[in-house]
Amino acid sequence: MKSQPVDPDSKRGTFFCDQSHPHSFDHVSFNASGVMSVFHFGVSACLLKHTDVSECTYYGASAGALVGGSILVGLSPYFSAESMLCHCEEISQDASRIEPLFRKTLDSLCPEDAHEKCSKRLVVSCSQWGLQGLYPVYFKFFSSASQLKDVLLASAHIPFISGLMPRRIQGHVGQFYDGVLTDPHPHPMHSKVLTPSETSIGSGIAANKSTNCTLSNAPPTFSGKTLRVAWHENCFCGCTKEEDKHVLTPSVSLHHLWCARPPSRRICRLVFYLGYWNCLCMLNPKMKGCGASCDYQINPETLLEQLASNPLTDFEGREDKLVEILCLVWPLIEEAIRSEQEEFEKQWMRNEMWNIFYLCIQARRSEILALASPMVLLSAAMFMANTIALDTTLFPSIDGFNPIAHLLELIQAPS
């Protein structure tokens, strides 16, 4: 499967919009999403086809930042999403695969000039570790592709799931965790960005004067043409509770744990098409009523099966056909996702806290075993020594004195 590049700076129209005056956005923000960034990829595919995003700045945390970056480097959302979904079964079975697979995805999706294409047009939210706790920082300028990868990896570095210690970023002072901890859904009006002149760690800014990868204190220009995309109906930033028409959420609930424990690849593909369809309906609310006018001879259930079974890249370049199909099958897509969500909810609600705890333990089991091994060995040695001390045939007492037993008493005695 080869990537089919797209031009993020091209103007696009649609069959339902005036092509001479396409809808445009100056700011698009994707929230932290994990594997459910597949919804964001669906939205971005719709935006690239049916709107003008030639001057758009993208904001994101964690996987949401990856979506914005992939658009700017010219990668197809269909290809990017399908590449990620190839690993969703691995992630679902083993949470420790999240970080290495994310790194592998970055290596395959980031060309050598990625930093040039993303600088000034991609704002990445991270959480910086300081003496007073965590606080949000934002990155917008990148001096190299490796530095861009460091920023994206830090923005997706979930404590304990991705690693025990915070990450460092090339050219920056400080240590960083996932942006979801402080600002999971950066807003253009509130994103305080770093500048090269700000080097004070105490002020919440960590920078290095020798690099140009820090950002500006002044918020970016806000024109009102802003879209904030949240994959869950209860976004941590509270944007979904504001009843803002510029906030796009799924029309059907997606389980909050799907970001780390995704459903099958078939359902994830339907989530991609759900994002595409929801974005279409936002651009033109009359879309939901167009299904009856579509002259399609294939049974809707057959069309749904094609969407779920075939790679997402099969429909790239066939958006007009795709829109006709979605007009017919969107109720079936929502029903399939809803049924999967309800079944998942039943299984996890039986013992949800234990499942979350197990997810963390599974992700970092190698480090836990490494830390536990010395304690296990010491306990085993103590047990064996105690057994030997009690066996007078191996170490007989000398004038009533047993050296092994005496050593154990010294070790076990309170200090």
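**View 1. Helix 1 against helix 8 in a predicted model.** The axes of helix 1 (residues 37-50) and helix 8 (residues 265-283) come within 7 Å and cross at roughly 45°. Helix 1 and helix 8 are therefore oblique to each other. The crossing is right-handed. From helix 1, the contact draws on Val38, Phe39, Phe41, Gly42, Val43, Ala45, Cys46, Leu47, Lys49 and His50. From helix 8 come Cys268, Val271, Phe272, Leu274, Gly275, Tyr276, Asn278, Cys279, Leu280 and Leu283. By class, 15 of these residues are nonpolar, four polar and one charged.

Terms: helices are DSSP runs (H or I, at least four residues), numbered from the N terminus. Axes are lines fitted to C-alpha atoms over the stretch in contact, with angles from 0 to 180 degrees between N-to-C directions. Angles under 35 degrees count as roughly parallel, over 145 as roughly antiparallel, 65 to 115 as roughly perpendicular, and the rest as oblique. A crossing is right-handed if the near helix is turned clockwise from the far one by less than a right angle, left-handed if anticlockwise. Contact means heavy atoms within 4.5 Å. Ala, Val, Leu, Ile, Met, Phe, Trp, Tyr, Cys and Pro count as nonpolar; Asp, Glu, Lys and Arg as charged; the others, Gly among them, as polar.

**View 2. Helix 5 against helix 7.** Helix 5 (residues 98-109) and helix 7 (residues 145-155) have axes that come within 11 Å and cross at roughly 150°. That makes helix 5 roughly antiparallel to helix 7. Their crossing is right-handed. Glu99, Phe102, Arg103, Leu106 and Asp107 of helix 5 meet Lys149, Leu152 and Leu153 of helix 7. This contact has four nonpolar, no polar and four charged residues.

**View 3. The cover over helix 7.** The buried set includes Lys149, Leu152 and Leu153. Gln147 and Asp150 are also among them.

**View 4. Ser76 in its loop.** Ser76 sits in the loop between helix 2 (63-72) and helix 3 (77-85). Ser76 is buried, with a relative accessible area of 0%. Its side chain makes a polar contact with the side chain of Glu316 (2.7 Å). Such a contact is a pair of N or O atoms within 3.5 Å; within protein, one must be able to donate a hydrogen and the other to accept it, and residues adjacent in sequence count only if both atoms are side-chain atoms. Ser76 and Phe41 are 35 residues apart in sequence and 9.1 Å apart in space, C-alpha to C-alpha.

**Notes to all views.** Residues are numbered from 1 along each chain as its sequence is written, and side-chain values use heavy atoms, without hydrogens and water. In this predicted model, local features need pLDDT of at least 70 and side-chain atom pairs count only at pLDDT 80 or more, while totals for chains, interfaces and linings use all residues.

Note on methods:
Helix = DSSP H or I, 4+ residues; strand = E, 2+ residues; numbered from the N terminus. Buried < 20%, exposed > 50% of the residue type's maximum accessible area, 1.4 Å probe, protein only.
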